[in-house]
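Hi there,

Here is the structure I wanted to pass on to you. Have a look at it first, and then read on for my notes.

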Amino acid sequence: MKPDIIYLKLEQNSQVSHKKVLLEDVAEIFTADNTLQKEVGKLVLYTFQQEKEQKLVFSAMKVIALLQKQRPELQVVNIGETDFIVEFKDTPKPSKLIEVCKAVLVSLIIFFGAGFTIMTFNTDVSVGDVFSLFYKLVMGTEQTKGSIMEITYCIGIAIGILGFYNHFSARNERDDPTPLHLEMRNYEQEMNNAMIKNASREGKEIS
């Protein structure tokens with residue numbers, strides 16, 4: 001009799017809000033038998049004992065051993081991660097007022113931080129002196145107050161930021177991730193890799 005083949009795609013990082021971690025919470029499962037697929041998805045991989053937030057590192061061998069124990073005739077093919085993280089996080093519904101306050105606070109920090117960065121950059125490279133020299137070369141007189149160059153420079157910075165991040169137009173035709181999204185994903189991936197390596201070295205990996 002030909003053994004049933006089951007394909008798993010384990011995600012590098014999965015977040016759950018319930019203590020019992022099911023196999024379908026951490027992996028995409030595919031097999032020709034729909035009944036078997038549902039049955040496998042409901043297998044309990046791990047049960048968190050504490051209420052506090054936790055992150056644990058698992059080996060794919062843990063999943064394969066679980067499946068082989070339940071159904072020895074299964075042939076398991078993993079096309080995902082060999083080591084993965086499961087994060088238990090009890091996420092109660094946040095207050096809308098708190099979420100709005102957080103968004104306003106972060107926006108203010110970014111706004112003033114970006115403004116300070118631009119001002120210090122302009123000072124470091126002497127943008128004001130360059131504009132004054134350019135004005136004198138073109139007009140033949142010393143600049144006594146702000147000119148059209150400063151105004152267009154400020155407008156240009158704003159337009160450049162909006163265009164660079166490609167995230168504020170109602171007619172945005174591209175779904176490309178912004179540079180901010182890329183940095184966040186890179187940071188998340190590097191952090192996950194570091195956690196997995198540390199758990200493996202310290203023998204804390206669950207297999």
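**The second largest pocket**

The second largest pocket has a volume of about 170 Å³. A pocket here is an open set of points on a 1 Å grid over the protein atoms alone, where a 1.4 Å probe fits, with protein on both sides within 12 Å along at least five of seven lines; lining residues have an atom within 4 Å of a point. Grid points are joined across faces, edges and corners, and the volume is the space filled by probe spheres set on them.

Before going further, please note that this is a predicted model, in which local features need pLDDT of at least 70 and side-chain atom pairs count only at pLDDT 80 or more, while totals for chains, interfaces and linings use all residues. Residues are numbered from 1 along each chain as its sequence is written, and side-chain values use heavy atoms, with hydrogens and water left out.

Back to the pocket: its lining is made up of Ile118, Asn122, Val127, Gly128, Phe131, Glu150, Tyr153, Cys154, Ile157 and Ala158. Helix 4 (96–124), helix 5 (127–139) and helix 6 (148–165) are the elements that give two or more residues to this lining. Helices (H or I, at least four residues) and strands (E, at least two) are DSSP runs, numbered from the N terminus. Helix 6 provides the largest share of the lining, 5 residues. By type, the lining divides into 7 nonpolar, 2 polar and 1 charged, where Ala, Val, Leu, Ile, Met, Phe, Trp, Tyr, Cys and Pro count as nonpolar, Asp, Glu, Lys and Arg as charged, and the others, Gly among them, as polar.

**Between helix 4 and helix 5**

Serine 126 sits in the loop between helix 4 and helix 5. Its phi is near 55°, a positive value in a residue other than glycine. Most residues other than glycine have a negative phi. With a relative accessible area of 28%, serine 126 is partly exposed; buried means under 20%, exposed over 50% and partly exposed in between (1.4 Å probe, protein chains only).

For a sense of distance, take valine 125 and glutamate 39: they are 86 residues apart in sequence and 65 Å apart in space, C-alpha to C-alpha. Glutamate 39 belongs to helix 2 (residues 34–41) and is partly exposed, at 41% relative accessibility.

Strand 1 pairs with strand 7 in the parallel sense over 4 bridges, with isoleucine 6 opposite valine 76 and leucine 8 opposite asparagine 78. Strand 1 and strand 4 pair in the antiparallel sense, over 4 bridges, and here lysine 9 stands opposite glutamate 28. Ile6, Leu8 and Leu10 make up the covered face of strand 1, and Ile5, Tyr7 and Lys9 the uncovered one.

The other open sheet of 3 strands runs in the order 2-8-6, again with mixed pairing. Its edge strands, strand 2 (13–16) and strand 6 (54–59), each pair on one side only. Strand 6 and strand 8 (residues 83–88) pair in the antiparallel sense over 6 bridges, with leucine 56 opposite valine 86.

**Aromatic pairs**

How many aromatic pairs does a search of the whole structure find? There are 7, where rings of Phe, Tyr and Trp (its six-membered ring) pair if their centres lie within 6.5 Å; planes under 30 degrees apart count as stacked, over 60 as edge-to-face and the rest as tilted. Tyrosine 7 and phenylalanine 30 form a tilted pair, 6.4 Å centre to centre with 35° between the planes. Tyrosine 7 is in strand 1 (residues 5–10) and phenylalanine 30 in strand 4 (residues 27–30), so this pair ties together parts 23 residues apart in sequence. Tyrosine 7 is partly exposed, at 33% relative accessibility.

The ring centres of tyrosine 46 and phenylalanine 48 are 5.3 Å apart and the planes stand at 80°, so this pair is edge-to-face. Phenylalanine 48 is buried at 1% relative accessibility, whereas tyrosine 46 is partly exposed at 26%.

Happy browsing!

How values were computed: Pairing = 2+ DSSP bridges.
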